[in-house]
Amino acid sequence: IAKIPVVIIAALGSVMLPRVTKLLADSRDNEAKMYISKSMSIVMFISFGLAFEMAALASIFIPWFLGKGFENAISLFQILSFMIVFIGWGNVLRTQYMLPRGFDKLYTKSVIYGSLTNIILSFLFVKTLGVVGVAFASLLGEAIICVYSSIKMKDELRFCTLIKESSIYLYSSVVMFFVVMFSVKWMLDITESLFLILISAGILGMFSYLACTCFFERMTNRH
């Protein structure tokens, strides 16, 4: 369930792939990198927003969607929600630059390293943390794929600029997370309808995320 929003991100990558491939084939590298930068900004905006809002709403969504008796799945859902950020970043790199540029082997290596990290950490964590440990291992496996690919591609793309732009969405999503958490706690004292709380808190979170993003972007542009 936590990976369902990845479909939106993958769709964006598929749409942009032909355009970027054509630009790279025509040696219009700067223009291609401009499109990649814009795509990364859009994907990170969506990814951070979805990840933090899903994590904040997990305590309401899981009981509403799965019913009572699945409370243990809340923490798993929260952990796996953050995979969206790493998958989003990696998807843009893979579909819009690595594959069109012919870095297939590099991508394969990153996947292998990520998978090995996942397997090893799952084996180590499952004894002490159980399924929560496996969830953490999956998250760290995706992080390894993302970080390894970024390090290897550091001379190809301006990652400092991409990270700086993405940090705005991180700050905004953290604010949104606490707004949603407090609103959920407040609404539980008013109504027992989990669906109503889910929708209301979700909309409130969306607007707070948009407002914070606009605020932080204006602050950044001033400096």
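## Exposure and a charged patch

A residue is called buried under 20% relative accessible area, exposed over 50%, and partly exposed in between. The model described here is predicted. Lys154 has 53% relative accessibility, so this residue counts as exposed. Lys154 sits in the loop that joins α6 (131-152) and α7 (159-188).

Lys154 is one of a group on the surface: together with Lys105, Lys109 and Lys152, this lysine makes up a patch of positive charge.

## Aromatic pairs

Over the whole structure, a search finds 14 aromatic pairs. One of them joins Phe52 and Phe82: the ring centres are 5.0 Å apart and the planes stand at 80 degrees, so this pair is edge-to-face. The angle decides the label, because planes over 60 degrees apart count as edge-to-face. Phe52 belongs to helix α2 (residues 29-66), while Phe82 is in the loop between α3 (73-81) and α4 (83-101), so the pair ties together parts that are 30 residues apart in sequence. Phe52 has 12% relative accessibility and therefore counts as buried, whereas Phe82, at 25%, is partly exposed.

Phe177 and Phe178 also form an edge-to-face pair, because their ring centres are 5.5 Å apart and their planes are at 85 degrees. Phe177 is buried, with a relative accessible area of 19%. Phe178 has a relative accessible area of 44%, so Phe178 is partly exposed.

Helix α3 contains Ile79. With a relative accessible area of 10%, Ile79 is buried. Ile79 and Met54 are 25 residues apart in sequence, and their C-alpha atoms are 10.0 Å apart in space.

## A nonpolar patch

The surface also carries a nonpolar patch, formed by Trp64, Phe65, Leu66, Phe70, Phe195, Ile199, Ile203, Met206, Phe207 and Leu210. Together these residues have about 940 Å² of accessible area.

Which helix gives the most to the nonpolar patch? That helix is α8, with six residues. Both α2 and α8 (194-222) supply at least two residues each. Phe207, a member of the patch, lies in helix α8. The relative accessible area of Phe207 is 52%, so Phe207 is exposed.

Methods:
Residues are numbered from 1 along each chain as its sequence is written. This is a predicted model: local features need pLDDT of at least 70, side-chain atom pairs count only at pLDDT 80 or more; totals for chains, interfaces and linings use all residues. Side-chain values use heavy atoms; hydrogens and water are left out. Patches are made of residues with over 30% relative accessible area and no salt bridge: like charges are joined within 9 Å, nonpolar side chains (Val, Leu, Ile, Met, Phe, Trp, Tyr) within 5 Å. Accessible areas come from the Shrake-Rupley method with a 1.4 Å probe; for residues, only the protein chains shown count as cover. A salt bridge is a side-chain nitrogen of Lys or Arg within 4 Å of a carboxyl oxygen of Asp or Glu. Lys and Arg count as positive and Asp and Glu as negative; His and the chain ends are not counted. The place of a charge is taken as NZ of Lys, CZ of Arg, CG of Asp or CD of Glu. Helices (H or I, at least four residues) and strands (E, at least two) are DSSP runs, numbered from the N terminus. Buried means under 20% relative accessible area, exposed over 50%, partly exposed in between (1.4 Å probe, protein chains only). Rings of Phe, Tyr and Trp (its six-membered ring) pair if their centres lie within 6.5 Å; planes under 30 degrees apart count as stacked, over 60 as edge-to-face and the rest as tilted.
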